[in-house]
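Hi there,

Here is the structure I promised to pass on to you. Have a look at it first, and then read on for my notes.

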Amino acid sequence: MSLAGTAAQPSGVFSKGNLQALGVLLFVVAGSLWALSLDTRFVYMLVYVWFGLAYGVLLQYGRFCMASAVRDLFAVKVPRMAVGMMIAVALYAVVAAVVTLAGFSTFHPNALGWHIVIGAAIFGFGIVFTGGCASGSLYKAGEGNMNSMLVILAISFSQAIVVSASGWWDSLVPQSWVDAAAAQDMPAELTITQGWFDIFTAGHLWNLKGTTTAEIFGMAETAAGIVLMNTMLTAIVPVVVILVALYAFYYRKGHLRRSGKVNPTLGDEVAGIWAMCISSKNTAIAGIGLGILAGLHMYVTGVLREHYGIFNFGELLVAMGYQDGLSIQDTVFDPGYWYITTQEAQWGGWIMQQFGINSMDSIFFGLENGLPNPLLNAPGFMSIGIILGAAVMALSRREFKWKTPSWETAFFAIVGGTLMGIGARLAMGCNIGAFFATVTNGDPSGWIFLFGMMIGAYAGVKVFSWWMDWSASRKESECGL
Amino acid sequence: MAMSFNKITDGEWELNVCGYSCPHPQMYTKKALQKIGSGDVLTLIFDNPSSGESIMAMCEAEGNDLIDQQDGGGSYTWKIRKA
């Protein structure tokens, strides 16, 4: 490929885009100072804000969307984003090992079961139609893409509805789960034998075990277990295997043609893998930055928890005099690391609550995550930070553009976003919480999520391609595709 | 807003996918490149930044030449000569 580039040149430090980007940054600075002026303990929430902002900057810079990691492999045979994702996994795993060894890890493994494959497949099917994963939709919203804003709304409300729905939904779960849920010693106000997601959680999920690889081998508390089992065996080895497979199936043929190698040596092949890793410098840089930041995020939150003597932000909210929206355990959702979907479910649930639809009798909100006001939702501010960070980068690169949806793209956004929400709740997280944060912390369940997401994305690409062909065949054009 | 694919002159084609997010632009581009002949030039107009990365990688893998690139204001006009 050759390139006779005539790309538009940036028009100086004081360009309109740079000034607008600076305006967004100053807005976040002013908001941060205001929060600190109310109570310095809001620094805990501001950590989420500023890490979110940094994630947003890097996501936009590297066009970093994990949906395209699987979708573009099947749709256009491009491994760019899959490579970027593997780079980020490797870096995050290394930093996470250091954080865990230092005693500041905030990570908890996910329960292992079939629900991960099923949920991930539904999620993977949905991301083909929305044009982005959960984080990708946030950063694209920061580029002015209103389709992505619709996706965020659909993810938020579909999750809130799924976790609190009852009635005919309850017929979706077997009686054995109802019986198992009834046997749990839980407060009556949670009504855990009503509501299919409560029954699924208390009657099924709570009986499953989540674990790290180090725990499986009885080395959970040892440095060898953390480094060899959690980091090397669970993250680095699979990353290397996947990179070699991506090279062999998607990059090698074109690389050897371009480099003129007919009988490549092992050194040529290694050079080819390296060329694949740096073929998109922006994506590689974003992968490195996101991996390191995600680990640091966990470290900073861990340090603050130790400083304030808390395990959860809810305790800090109580100490600051904010009681509304806490779970019955006085907790709120506070993972301490990069996470997306649960805080969006809280947005949807909180808005529904303002319209009189109570969701606090569900396990998801009432027992585990609470329904805080969005102005006190710390991970929620991480998501807003991602949108604003992406806006800063898009404005400064002159890539910000308001894009209004058509009926077609709006339909895809709402249906795909709804499927993403349903899938994320069944799988206990999205590609960030159930994959990226897990495999990097020694929890092998994330690879099962990736497997399920690939099955769903493959099916999604097939359906999407069929729809494109059908749609094009209806157009009266001699040049129809 | 709708996708348009038109023949401009002999050997020159135009694909406009403005308003579409992933994966429309890259999938339509792939189909357009399959349809045109070797040596033909496709002018591609799109406004979804992340699609550009995939389209660039797709051209590189298939040996197509990205002969011109006009970027700015959130819109992109690229010319691709099919190998």
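At what angle do the axes of helix 1 and helix 17 of chain A cross? Before the answer, please keep in mind that this is a predicted model. The axes of helix 1 (residues 16-38) and helix 17 (residues 378-396) of chain A cross at roughly 160° and come within 7 Å. Angles over 145 degrees count as roughly antiparallel, so helix 1 of chain A is roughly antiparallel to helix 17 of chain A. Their crossing is left-handed.

On the helix 1 side of chain A, the residues that take part are A:Gly17, A:Asn18, A:Gln20, A:Ala21, A:Val24, A:Leu25 and A:Val28. Helix 17 of chain A meets them with A:Leu388, A:Ala391, A:Val392, A:Leu395 and A:Ser396. Sorted by class, this contact between helix 1 and helix 17 of chain A has eight nonpolar residues, four polar ones and no charged ones.

Helix 17 of chain A also packs against helix 15 (residues 341-354) of chain A, at an angle of about 105° and with the axes 8 Å apart. Since 65 to 115 degrees counts as roughly perpendicular, helix 15 of chain A is roughly perpendicular to helix 17 of chain A. Here A:Gln343, A:Glu344, A:Gln346 and A:Trp347 of helix 15 meet A:Pro379, A:Gly380 and A:Ser383 of helix 17. The contact of helix 15 with helix 17 of chain A has two nonpolar, four polar and one charged residues.

Another helix pair in chain A is helix 2 (residues 43-61) with helix 6 (residues 134-142), whose axes are 9 Å apart and which pack at an angle of about 85°. That angle makes helix 2 of chain A roughly perpendicular to helix 6 of chain A. Helix 2 of chain A brings A:Gly56, A:Leu59 and A:Gln60 to the contact, and helix 6 of chain A brings A:Ser135, A:Tyr139 and A:Gly142. By class, the contact of helix 2 with helix 6 of chain A comes to two nonpolar, four polar and no charged residues.

Now to the loops of chain A. The loop between helix 1 and helix 2 of chain A holds A:Asp39, which counts as partly exposed because 15 C-beta neighbours lie inside 10 Å. From A:Asp39 to A:Thr231 is 38 Å, C-alpha to C-alpha, and the two are 192 residues apart in sequence.

A:Arg398, in the loop between helix 17 and helix 18 (407-426) of chain A, has a phi near 60°, a positive value in a residue other than glycine. A:Met428 has a positive phi of about 65° and is not a glycine either; A:Met428 lies in the loop between helix 18 and helix 19 (431-439) of chain A. Are these two buried or partly exposed? A:Arg398 has 19 other C-beta atoms within 10 Å and is therefore partly exposed. A:Met428 has 23 other C-beta atoms within 10 Å and is therefore buried.

Next, the two chains together. The contact takes 42 residues from chain A and 38 residues from chain B. On the chain A side, strand 1 (3-5), helix 3 (66-75), helix 11 (223-259) and helix 20 (445-473) each supply at least two residues. The largest share of that side comes from helix 3 of chain A, with four residues. The side of chain A that touches chain B divides into 15 nonpolar, 15 polar and twelve charged residues.

Which residues does A:Phe464 contact, leaving aside its neighbours within four places in sequence? They are A:Val128, A:Phe129 and B:Pro23. A:Phe464 sits in helix 20 of chain A and is buried, because 22 other C-beta atoms lie within 10 Å. As for B:Pro23, the peptide bond that joins B:Cys22 to B:Pro23 is cis, with omega near 0°. B:Pro23 is in the loop between strand 2 (12-16) and helix 1 (24-35) of chain B.

Finally, the confidence scores. The predictor gives the complex an ipTM of 0.89 and a pTM of 0.92. Chain B averages a pLDDT of 92, and 99% of the residues score at least 70.

Best wishes

How values were computed
Residues are numbered from 1 along each chain as its sequence is written. Chains are lettered from A and ligands numbered from 1 in the order in which they are written. This is a predicted model: local features need pLDDT of at least 70, side-chain atom pairs count only at pLDDT 80 or more; totals for chains, interfaces and linings use all residues. Two residues are in contact if their C-beta atoms, placed from the backbone, lie within 7 Å. Ala, Val, Leu, Ile, Met, Phe, Trp, Tyr, Cys and Pro count as nonpolar, Asp, Glu, Lys and Arg as charged, and the others, Gly among them, as polar. pLDDT is the predictor's confidence in each residue, from 0 to 100. Axes are lines fitted to C-alpha atoms, for helices over the stretch in contact, and angles run from 0 to 180 degrees between N-to-C directions. Angles under 35 degrees count as roughly parallel, over 145 as roughly antiparallel, 65 to 115 as roughly perpendicular and the rest as oblique. A crossing is left-handed if the near helix is turned anticlockwise from the far one by less than a right angle, and right-handed if clockwise. A residue is buried if 20 or more other C-beta atoms lie within 10 Å of its own, exposed if 12 or fewer, and partly exposed in between; C-beta atoms are placed from the backbone.
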